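Subject: Structure for your review

Dear colleague,

Please find below the structure that I am handing over to you. I would be grateful if you could look through it alongside the notes that come after it.

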Amino acid sequence: IEAVLRDLASSQPMDRVVCGDVGFGKAEVAVRAAFAAASAGKQVLETGTRILATLQQRRVEFQKNPAALNAFIESELGASMDRDYAARLVLGPHGRGASEADIKLFAAAMTDNLMKRYGEALVNIEGKPRIRLKSETPLPGNRGVRVSTEVLREGGNPIPVDYLMRDNGGWKVFDVMVEGVSYVQTYRSQ
């Protein structure tokens with residue numbers, strides 16, 4: 001199973017034959033490989049679609065009550081974010097001397113800022129926006145995957161949104177790029 005998952009994370013096409021006697025787990029290998037191959041993009045598409053639908057249904061409430069919007073976005077995305085990893089990427093060598101508690105505080109503040117901006121931007125899209133999954137490609141060095149999407153708006157140009165994710169006990173987002181602008185890189189350059 002580990003060899004198949006390594007092959008899936010590689011930038012090279014996989015060419016592997018799995019063989020064995022009845023009852024030795026070939027189907028298990030296939031199911032895990034299929035799940036691993038599809039789960040990051042599927043997670044982004046399902047979560048994004050659910051969030052957009054709720055934002056559209058509760059738009060007036062959320063526009064009047066930013067605290068309710070923030071609480072909703074946190075409840076939907078909080079568990080999907082790899083906060084500490086993103087914070088360490090932003091801090092780079094400056095984070096080496098920081099305590100674990102300081103890194104967690106920085107990670108929480110940075111992620112809260114991202115989710116607040118994300119929620120505010122999405123709740124203000126007019127019409128019925130939807131998400132289109134464009135591609136899912138491995139990141140160099142087996143660091144994870146880039147899930148490329150577009151937010152489709154009625155009467156407007158698509159907005160490209162890429163999610164950089166890694167499998168850390170489930171797929172977690174560590175960077176978001178809207179129209180090519182990386183949230184982590186923007187924070188890092190400040």
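The notes below concern the cavities in this structure.

The model is predicted, so that local features need pLDDT of at least 70 and side-chain atom pairs count only at pLDDT 80 or more, while totals for chains, interfaces and linings use all residues. Residues are numbered from 1 along each chain as its sequence is written, and side-chain values use heavy atoms, with hydrogens and water left out.

The structure contains 2 cavities of 30 Å³ or more. A cavity is a set of points on a 1 Å grid over the protein atoms alone where a 1.4 Å probe fits but cannot get out, and its lining residues have an atom within 4 Å of a point. Points are joined across faces, edges and corners, and a volume is the space filled by probe spheres set on them.

The largest cavity has a volume of about 190 Å³. Its lining comprises 15 residues, with T47, L77, Y118, Y163 and V173 nearest the centre. Two or more lining residues come from each of α2 (26-57), α6 (100-123), β3 (159-167) and β4 (171-178); helices (H or I, at least four residues) and strands (E, at least two) are DSSP runs, numbered from the N terminus. The most, 5 residues, come from α2.

The second largest cavity holds about 70 Å³ of space. Among the residues that line it are M81, D82, F174 and Y183. Here α6, β4 and α7 (183-188) each give two or more residues, and β4 has the largest share, with 4.

Yours sincerely

Note on methods:
1 Å grid on protein atoms, 1.4 Å probe; cavity = no way out; pocket = protein on both sides within 12 Å on 5 of 7 lines; lining within 4 Å.
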